[in-house]
Amino acid sequence: MKNLIFFTCCWLLIGCKKNDQSRITQKILIAETDPAMFGMKQFNSEKRNAGYLLRNPNSNKCDNFIKPSKKNSTIFLDFDGATVSGTSWNWISDIFAAPANLTDDEQCFIYNRFVQAYDTFNVLITLDSLKYFATNPANRVKIIFTETDNWFCGLSHCAGGVAYVGSFTWGDNTPCFVFTTALAYNQHYIAEAGVHEAGHTLGLYHQSVYDTACVKTAEYKQGKIMGVSYNFPYGTWCIGTSSTSCTKIQDDIQTIALIIGYN
Ligand SMILES: [Zn+2]
C-alpha cells in the first residue's frame, strides 16, 4: 500500500511514499498556487465549450520540420488526453485526463515557447508520442495538458500544475500535469506553467525571495521561469535563492544541464 502524507505549506506539498518493499523513498511533490491568486489578466475559470481540434498526426505543423533527432532526451507535450496508472500520482486510482481543449494554434504557441526555453539543452520537444516512447525511459517526461484537475483538487481548481521534483530520470513514466481550465485556456499562462513544471521534473525548485533575516518573502520570484512569469512576456532561467533555503543558490541552467546536457 502506498502511504502518502501531505504537509501543506501554502504552495508546497511534500509526499512521503512508502513502497511495497517497505523501502522508504522521499518524493517531493510541488503543486502551484491557484492561478487566480496571481492577479492574472482576464482570469476566467469557466470550462470552455468543446473547442478541441483533433490534430492530424500526419500533418503536425508544430514539429514536422525537425530533422531526425540525435537528442537523447525528450519532453513530450501531450494535449490529447491520457490515462495515467501505476505512477506516484495514482494514490487513489487511475487518472483519466481529458484533452487540453486547446486549438492547433494554441498548442503550437505552447510548443514554440518550450523550444525557446529549452533551446540551450540537448532535449527534443515534441508533440509526437512515438518520439517519447522511442526515448530511454530514464531520459524523458510527458507533460499532460488537461482540463481534468478534480483528481488532485476536488471540486474547485486549486493549482495551475503539479510535478514531482526530479521525476524526469525516474524511468517509470511519471508525468507532470498542467491544468488548462484553471489557467483559463490562456496559451501564454499555459506555456509558462508548462515550462515551469518541466523544470521541476528536471530537478529544479522554485526561485524564491528572502529578506535579510532569511525569512521567505515570496515563494515565487517575479519574471523567472522557476518563479512566476504569468504577467511577463516570458520567464527566464535564473541563478538565485531556492525555495528550499535562503542559503541554497540554485543555478537553473546548470542544474538542468547536469541531467540532459547542453545542445
Ligand atoms: Zn512550481
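Colleague: How many other C-beta atoms lie within 10 Å of Asn 101?

Modeller: This is a predicted model, in which local features need pLDDT of at least 70, side-chain atom pairs count only at pLDDT 80 or more, and totals for chains, interfaces and linings use all residues. Residues are numbered from 1 along each chain as its sequence is written. A residue is buried if 20 or more other C-beta atoms, placed from the backbone, lie within 10 Å of its own, exposed if 12 or fewer, and partly exposed in between. Asn 101 is buried because its count of such atoms is 21.

Colleague: Which loop holds Asn 101, and what is its phi?

Modeller: Helices (H or I, at least four residues) and strands (E, at least two) are DSSP runs, numbered from the N terminus. Asn 101 lies in the loop between strand S6 (95–97) and helix H1 (104–117). Although Asn 101 is not glycine, its phi is positive, near 60°.

Colleague: Is Ala 184 buried or exposed?

Modeller: Ala 184 sits in the loop between strand S10 (176–179) and helix H4 (187–201), and its phi is near 60°. Because Ala 184 has 20 C-beta neighbours inside 10 Å, it counts as buried.

Colleague: Which residues of strand S7 point the other way from Val 123 and Ile 125?

Modeller: In a regular strand the side chains alternate between the two faces of the sheet. In strand S7 (residues 123–126), Val 123 and Ile 125 point one way, and the buried residues on the other side are Leu 124 and Thr 126.

Colleague: Which residue is the bridge partner of Ser 73 in S7?

Modeller: Two strands pair if DSSP finds at least two bridges between them. Strand S4 (residues 73–78) pairs with S7 in the parallel sense over 4 bridges. In S7, the partner of Ser 73 is Val 123.
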